[in-house]
Amino acid sequence: MLRDFGVKDVRVQEVVSLDPDMLECLHRPIYGLIFLFRWREEDADKQEPSCPKGIWFANQTVNNACASVALLNIVNNVPELDLGDQLEQFKRFTADFTPALRGDAVGNFEFVKAIHNSFAR
């Protein structure tokens, strides 16, 4: 998915344990970990209204987009990554958005939607 987004030189690995031996086997550098669990905050007043300066974070506001949103939340916070033109423009465009608005923007971004849907089962 990241390759299709245009992100260069990034690898995704599945991790089934956080044991030190398992983590030692991971390629470096590690930019982030994604923990998957079912939960959604329905109350808009309890969602994060903003992010610390320099952090890009999008709430998942669209159903079944957890992988795409999680990957974007990681790669958009690694300055040295080459995101490709589409994601770089999107990151700049959404820089001043709230996390909820970023989530909505992800859900409406046809480039991401098309790639995400190509991986849907």
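Modeller: Helices (H or I, at least four residues) and strands (E, at least two) are DSSP runs, numbered from the N terminus. Here, Ile30 sits in the loop between helix H2 (20-24) and helix H3 (66-75). This is a predicted model, so local features need pLDDT of at least 70, side-chain atom pairs count only at pLDDT 80 or more, and totals for chains, interfaces and linings use all residues. Residues are numbered from 1 along each chain as its sequence is written, and side-chain values use heavy atoms, leaving out hydrogens and water.

Colleague: Which elements make up the secondary structure of the protein chain?

Modeller: Six helices and zero strands.

Colleague: OK, and how exposed is Ile30?

Modeller: Buried means under 20% relative accessible area, exposed over 50%, partly exposed in between (1.4 Å probe, protein chains only). Ile30 is partly exposed, at 39%.

Colleague: Which residues are buried in helix H4?

Modeller: In H4 (residues 84-93), those are Gly84, Leu87 and Phe90. They cover an arc of only 100° around the axis, which puts them on the same side of H4; that arc is taken from the directions from the helix axis to the C-beta atoms.

Colleague: What does the face turned away carry?

Modeller: Exposed residues: Asp85, Arg92 and Phe93.

Colleague: And what do the buried residues of H4 pack against?

Modeller: Contact means heavy atoms within 4.5 Å. The buried residues of H4 pack against helix H1 (2-5), H3, helix H5 (99-108) and helix H6 (110-119).
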